[in-house]
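This report is a plain reading of one protein model for someone who has not seen it before.

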Amino acid sequence: MMVDSTLAQIEKNLSEAMSILGDEQREPQMKREKAGFSWTSIPGPLQRDGQDVATIVHQVHNLIHEKMEGEEPLCQQVQSVGEQGHMALLGHSLAAYISMLDRERLRRLSTRILSDTTLWLCRLFRYENASVCFHEDDRDGLVKVCRLLLNARYEEFACEGYTVLSSKQPVIYQSASCRPGLGQHTCSQLGLPLSSLCTVPCNTVFGSQHQMDVALLDKLIQEDSDAGKLPLLLIANAGTPGAGHTDKLSRLKELCDQHGMWLHVEGVNLATLVLADVSSAVMAATRSDSMTLTPGRWLGLPAVPSVTLYRHEDPALSLAAGLTSSQPVEKLRALPLWLSLQYLGQNGIVEKISHATALSKHLLMKLKPLASIKTSVEDDLSSPVVLFRFSQDMSGALGGRSGEALCAGEKEVLDTFNRWLGEQLSQMVSSCGVDVVELEDEGPCVRFSPLLTAAVLGTQQEDVDELVDRLTVLVPVMSSTVCLRQDFREETHRRAPLLMYVEELAWPGLGAVRFEPQAEGMDESRRKQELQKINYALLKKLQELNTDIIFSAGPETGAEQDCVYVGLVTEDVDISELVDTIAAFGREIEENGRLLENMTEVVRKGILEAEQQLQKASEDKLLEEGLLRQLPVVGSVLNWLSPLQSSIKGRTFNLAAGSVDSTDATYLTKAQTDKISVQDTPTSSSKRSAGQRLFRRSNTSDTSSSNSTEAAEDWNLSPQSSSSHPDTSTTTSDTSQHTLSDVIAEETEREDTEREDTEQEDAEQEDAEQEDAEQEDAEQEDAEQEDAEQEDAEQDGVSQADQGQS
């Protein structure tokens with residue numbers, strides 16, 4: 001009864017923990033938190049009082065969802081492990097609990113779990129009479145198999161160690177399409193030199209380019225045998241990591257038997273052994289001496305160990321190599337898989353593998369009719385891995401424009417577009433789990449491997465259809481952009497030296513251009529600053545245009561600086577008008593900059609002139625008033641007895657004109673005058689038909705324009721596109737249908753109208769102020785006349801007083 005209650009409590013605690021960790025209601029609050037390290041990221045002392053389970057699990061949840069600086073948010077789909085994943089996680093908890101049982105009960109229970117799991121796996125994957133090794137690292141199975149062979153082929157290896165290898169060096173053979181780093185890891189773990197690793201090239205003339213060259217392998221083995229080396233093991237692929245191709249396993253097995261070698265097979269295609277209909281190429285893997293399986297990835301089971309099935313008769317050597325263990329606790333590694341296999345059942349396992357292979361066939365069927373898309377699969381279509389890449393077809397691109405050559409570096413350009421295509425598809429349809437792989441001959445390709453992703457992401461046929469729909473929208477835009485790159489380059493060269501074309505093969509767009517300032521007599525440092533300032537302003541001005549084309553500063557790394565990068569374009573874009581606009585904007589920015597510099601110089605000279613005039617006015621005032629009037633008390637008495645009419649006139653400094661003027665007009669009209677009038681902006685006489693967008697040719701059909709607008713919604717060429725999360729691209733407003741010249745003309749006309757209205761209002765106000773000024777002048781004249789009469793009277797009084805004193 002105690003055991004039953006403990007198991008129930010374990011299952012309850014795990015359910016509560018999974019409920020807390022999978023709680024999506026806390027996500028909005030987590031996203032609002034400031035990115036970066038929080039207080040929970042800082043290690044601290046252990047608290048004196050213990051905490052309950054819920055608090056600890058909540059803390060784990062916060063640590064999982066905490067977003068570091070520059071890190072993308074955790075994908076919610078990966079967290080949805082489902083009930084089958086719940087069983088796998090429960091297995092780890094039960095294994096910890098079972099390890100506390102008494103030794104005899106533990107031995108009996110672990111042996112039963114290991115035996116059941118071995119039997120089920122051997123029958124599921126048609127690998128009868130085999131033993132099983134469970135390991136966390138999927139490479140450890142191969143390492144232990146090699147250690148088994150060293151103990152078997154070198155009788156004194158257990159006693160003498162590596163010294164017995166010097167007489168006859170072992171050799172491990174692997175395919176050039178094998179998993180990167182697998183052979184190096186094996187040699188490192190075994191203490192073997194890298195000279196013990198032999199990489200066999202793949203076929204380049206006959207057969208698949210990703211299958212091992214059997215004839216060349218036979219030749220290499222014979223050469224090593226003649227040189228006194230020991231051919232030990234061959235690593236073959238049933239589904240290469242990149243292309244998913246299967247080696248000629250039947251011929252390789254015959255060759256290994258001939259030379260006394262061990263054949264080890266691994267690859268994603270081994271999952272299809274559970275199906276009723278298995279290709280002969282994959283079925284040959286059941287004749288191998290060992291093979292490594294990864295059922296956790298194929299079935300969407302978290303924390304499930306990898307499995308290596310092998311056939312060997314000596315259990316002592318298997319124990320020495322680490323393939324088996326005498327410790328009962330080690331056998332409990334099979335418990336998570338034991339629970340998961342029982343939960344799914346044979347039908348559930350077959351259904352998952354069959355669903356993944358059906359998704360691959362469905363995508364392949366959808367891709368074949370698409371133009372400019374090249375697929376790469378095996379001839380017998382036995383691989384559940386689909387590879388495709390964008391390949392420009394000039395004969396059908398842009399209708400009737402066949403025969404045009406692509407720009408220099410065609411392969412590099414296509415590779416760049418394929419990398420961009422894979423990144424876009426992975427973001428747009430994340431449920432499909434597509435990624436980009438680099439192949440030696442084909443270059444970058446988009447890979448769809450549902451056996452590795454469908455069980456976790458829950459990929460369905462509708463997701464594959466959405467992937468094809470996105471691809472259908474993107475491919476025409478990519479084709480038109482590739483074809484128009486050469487036109488963009490030629491149009492840019494025609495406007496040299498004003499514009500300079502920048503060769504940027506790593507940019508998935510129309511190209512890059514740089515505006516060159518035409519100022520002469522400028523040093524290199526000043527020219528570089530001017531270049532940077534003008535091109536930055538040019539980019540900002542182009543980004544403000546209402547157009548489908550995206551203008552960017554380029555990729556974050558490895559890109560030319562001080563350039564304007566033009567994104568994807570549709571087939572109806574007028575390249576000549578686009579380049580003309582860039583050149584016109586550049587000239588305008590450069591001229592405005594020069595005007596500002598000239599105005600600065602004029603203002604500086606005007607300030608110097610004003611200072612000189614003020615100095616001269618001060619000296620004239622001193623000469624006119626005399627020295628006595630500068631004394632504080634005497635000057636006041638003299639000014640009261642005999643007021644001085646100063647002849648010094650006021651001055652005003654006009655910042656717009658950079659000149660020093662008299663203030664007479666200011667006091668007369670009570671307002672400052674502006675001598676400089678705004679010049680009219682030159683306009684273009686070219687007009688655009690109604691409903692036509694910027695940089696579009698007028699002879700383009702409405703259907704093409706509609707398709708290009710739809711495609712524009714999916715473009716994303718921001719500088720963050722070669723990494724993981726890009727920004728959303730802007731779209732053109734439907735109400736903005738004017739060209740640059742039309743916008744300038746309308747703006748100029750509006751400014752002229754406003755200026756005329758302002759001038760009319762100023763004239764009316766000036767007339768009114770003139771009348772007021774005349775009235776004030778008359779009043780001022782009367783007041784001055786009265787003051788003069790009063791002064792005359794005062795002077796007469798002073799004269800009479802002087803005469804009386806005398």
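Arg-495 is buried in this predicted model, because its relative accessible area is 16% and the limit for buried is under 20%. The residue sits in the loop that runs between H19 and strand E12 (499–502). A polar atom of the Arg-495 side chain lies 2.6 Å from the backbone oxygen of Glu-491. Not counting residues up to four places away in sequence, Arg-495 touches Ser-576, Val-579 and Asp-580.

The loop between H19 and E12 also holds Pro-497. Pro-497 is joined to Ala-496 by a cis peptide bond, with omega of about 0°. Most peptide bonds are trans.

Helix H19 itself spans residues 461–494, and Val-475 is part of it. Is Val-475 buried or exposed? Val-475 is buried, because its relative accessible area is 8%. Its contacts, leaving out residues up to four places away in sequence, are Ala-371, Ser-372, Ile-373 and Phe-390. Leu-421 is 54 residues from Val-475 along the chain, and the C-alpha atoms of the two are separated by 8.7 Å.

Thr-308 belongs to strand E7, which covers residues 306–310. Thr-308 counts as buried because its relative accessibility is 0%. Which side chains make polar contacts with that of Thr-308? One is the side chain of His-135, at 2.7 Å, and another is that of Thr-292, at 3.2 Å.

Met-283 is found in helix H12, residues 280–283. Met-283 is partly exposed, because its relative accessible area is 27%, and the range for that class lies between 20% and 50%. Arg-126, Leu-273 and Val-278 are in contact with Met-283 when neighbours within four places in sequence are left aside. Leu-270 is 13 residues from Met-283 in sequence, with a C-alpha to C-alpha distance of 8.5 Å.

Two residues are listed for their backbone angle. Most residues other than glycine have a negative phi. Asn-129 is not a glycine, yet has a positive phi of about 55°. Asn-129 lies in the loop between H6 and strand E1 (131–135), and this residue counts as exposed because its relative accessibility is 73%. Asp-562 is likewise not a glycine and has a positive phi of about 55°. The loop that holds Asp-562 runs between strand E14 (551–552) and strand E15 (564–566). Asp-562 counts as partly exposed, because its relative accessibility is 22%.

The table sets out the accessibility of the residues discussed so far.

| Residue | Relative accessible area | Class |
|---|---|---|
| Arg-495 | 16% | buried |
| Val-475 | 8% | buried |
| Thr-308 | 0% | buried |
| Met-283 | 27% | partly exposed |
| Asn-129 | 73% | exposed |
| Asp-562 | 22% | partly exposed |

Rolling a probe the size of a water molecule over the atoms shows where empty space is left. How many cavities of 30 Å³ or more are there? The count comes to 2. The largest cavity has a volume of about 50 Å³. Its lining is made up of Leu-121, Leu-124, Phe-125, Val-274, Pro-295, Trp-298, Leu-299, Leu-341, Ile-349 and Ile-353. At least two of the lining residues come from each of helix H6 (103–124), helix H13 (295–299) and helix H16 (335–367). By type, the lining of the largest cavity divides into 10 nonpolar residues, no polar and no charged.

Some totals describe the chain as a whole. The protein has 25 helices and 17 strands. Of its 806 residues, 42% count as buried. Contacts between residues at least 6 apart in sequence join residues at least 24 apart in 72% of cases. The accessible surface of the protein comes to about 44000 Å², and 50% of this belongs to carbon and sulfur atoms.

Notes: Residues numbered from 1 in each chain as written. Predicted model: local features only at pLDDT ≥ 70, side-chain atom pairs only at ≥ 80, totals over all residues. Heavy atoms only, no water. Helix = DSSP H or I, 4+ residues; strand = E, 2+ residues; numbered from the N terminus. Buried < 20%, exposed > 50% of the residue type's maximum accessible area, 1.4 Å probe, protein only. Contact = heavy atoms within 4.5 Å. 1 Å grid on protein atoms, 1.4 Å probe; cavity = no way out; pocket = protein on both sides within 12 Å on 5 of 7 lines; lining within 4 Å. Points joined across faces, edges and corners; volume = space filled by probe spheres on them. Nonpolar A, V, L, I, M, F, W, Y, C, P; charged D, E, K, R; others polar. Polar contact = N/O pair within 3.5 Å; in protein donor to acceptor, adjacent residues only side chain to side chain. Areas by Shrake-Rupley, 256 points an atom, 1.4 Å probe, with all protein chains shown as cover.
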